[in-house]
Amino acid sequence: MDSIKANLLKLRETRKKILGCLPLYPPMEIFHAMDLIPVTLWGLRDMIRTLDESDRHIQNYSCSVARRAAEFILSESGMMLDGIFAYNACDTLRNLPEILSNGLQDAGRPLPMFQIHVPMVPSGQTDAKDYLCNEILSLIRLLEKTFHIPFSSDRFQDSVEKYNEVRNLYRRMEKQVASGKMTFQDFMIAFHSSGFLPVEDQIRFLSGELDRCCNKESKPGNHPIMISGILPPPLPVIQAIEKAGLRIVCNDIASLGRYYGYSPGLNASVEQYFVDFYENHIPCPTLLYSADNRMEYMISVLQKTSAEGVIFVGEKFCEYEYFEFPYLEKRLKDKGVPSVLIEIAVDDEDNIASLKNRIDAFAEVIGQHEGRP
Ligand code: SF4
């Protein structure tokens, strides 16, 4: 998507250091408070069309998220980065920093790597708060040493407010979609256009988009549904969903609802803020300790939004998601909620005829279904 490229060029013009963060949920507020520009390297589907560099280092049976992030970092695009941040999100991403380090070393442009380990144990079972606090403080010390920028609590609070505002704007935008004032397709276009922008620009851009749609008339589709997965489906698939008369009233997508669904409160110390951030995060299979809460969370959202069914958007080769799909589908079926799984692979996004058929068939099922969770 041209907007990503244009936004990346604008970032370069700020002359600030840019930190490429591997998905899923990096501590953006810390980086911003230290005058760095963090960019989470997902949503690259429309920008990264070839995977030549990635394929030299990563098996082609890895997910598209990891392959595109690797391609971005190892190809010419990665030259705009001043460092890379990663944490133990999933098995694929746990191993990526070492591969990237070696690849960048071979290319003669090594970059500083920053890593933390987020404990994946439920807080009721093992108290690992002190460990996480130490990881956060160690990260800050390393950033200070590398970039010669001191950390300030006041600036951190300012960053927290800004990121909370962005999350809040996304939540408001999602409500506009649910009310039919905005299509999910338009929401996605706005979401992608705001990606790779400094957080201040994101706030301005999203506020403008919200103002624009507030005056529009509601055009609700026939049947409200939820979509769930790591990434939103490609635009042609979203169009197919909306054309089939389905209205996406809520999402359990890692780069969307799971990312912006929860904001910790203000005025906590930086380490306590991130204890709260990870502990109370919207459940995600990559945050292993949250897995037990996932079904309960999904059901509560389905009830709140009156969604009548779920489309699971499977990211091919994402074992974390795929291990859970059969269980989730069964639990939803027991509750009388129809669901369907569509799979998106790195190389079949332009050939979506079979996906359209499945979506149309699912819309028919939903049309005949009268159950509610
Ligand atoms: S899609 Fe799945 S396997 Fe790939 S990076 Fe995300 S969580 Fe990991």
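1. The model contains an open sheet of 4 strands in the order S6-S5-S7-S8, with parallel pairing, where strands are DSSP runs (E, at least two residues) and helices are DSSP runs (H or I, at least four residues), numbered from the N terminus, and where two strands pair if DSSP finds at least two bridges between them. Its edge strands, each pairing on one side only, are strand S6 (246-253) and strand S8 (339-344). On average, and with direction ignored, neighbouring strands of this sheet are turned by 25° against each other.

2. On the basis of the description: this is a predicted model, in which local features need pLDDT of at least 70 and side-chain atom pairs count only at pLDDT 80 or more, while totals for chains, interfaces and linings use all residues. Residues are numbered from 1 along each chain as its sequence is written.

3. Within the sheet of the first point, strand S5 (residues 223-229) and S6 run parallel and are joined by 7 bridges, and methionine 226 stands opposite cysteine 250 in S6. Helix H13 (residues 294-305) lies across S5 and S6 and runs at about 150° to S6; angles run from 0 to 180 degrees between N-to-C directions, with axes being lines fitted to C-alpha atoms, for helices over the stretch in contact.

4. A further open sheet is formed by 4 strands in the order S2-S1-S3-S4, and its pairing is parallel. Strand S2 (37-40) and strand S4 (113-116) are the edge strands, each pairing on one side only, and neighbouring strands are turned by 25° against each other on average, direction ignored. Strand S1 (residues 18-21) runs parallel to S2 and is joined to S2 by 4 bridges, with threonine 40 in S2 as the bridge partner of cysteine 21. H5 packs on this sheet, touching strand S3 (83-87) and S4, and the direction of H5 makes about 155° with that of S3; contact here requires C-beta atoms, placed from the backbone, to lie within 7 Å.

5. Helix H8 (residues 184-194) and helix H9 (residues 199-214) have axes that come within 10 Å and cross at roughly 160°. H8 and H9 are therefore roughly antiparallel to each other, a term that applies to angles over 145 degrees, whereas angles under 35 count as roughly parallel, 65 to 115 as roughly perpendicular and the rest as oblique. The residues that meet are Ala190, Ser193 and Ser194 in H8 and Gln202, Phe205, Leu206 and Glu209 in H9; by class, this contact has 3 nonpolar, 3 polar and 1 charged residues, where Ala, Val, Leu, Ile, Met, Phe, Trp, Tyr, Cys and Pro count as nonpolar, Asp, Glu, Lys and Arg as charged, and the others, Gly among them, as polar.

6. H8 also packs with helix H10 (residues 235-243), at an angle of about 155° and with the axes 9 Å apart, which makes H8 roughly antiparallel to H10. Here Phe184, Gln185 and Met188 in H8 meet Leu235, Ile238, Gln239 and Glu242 in H10, and by class the contact has 4 nonpolar, 2 polar and 1 charged residues.

7. The ligand is surrounded by 14 residues, of which the closest are Cys63, Val65, Cys90, Thr92 and Cys318; a residue is near a molecule if its C-beta atom, placed from the backbone, lies within 6 Å of it. Helix H4 (64-74), helix H5 (91-106) and helix H14 (319-334) each supply at least two residues of this shell, whose members divide into 10 nonpolar, 2 polar and 2 charged.

Definitions and conventions
Two residues are in contact if their C-beta atoms, placed from the backbone, lie within 7 Å.
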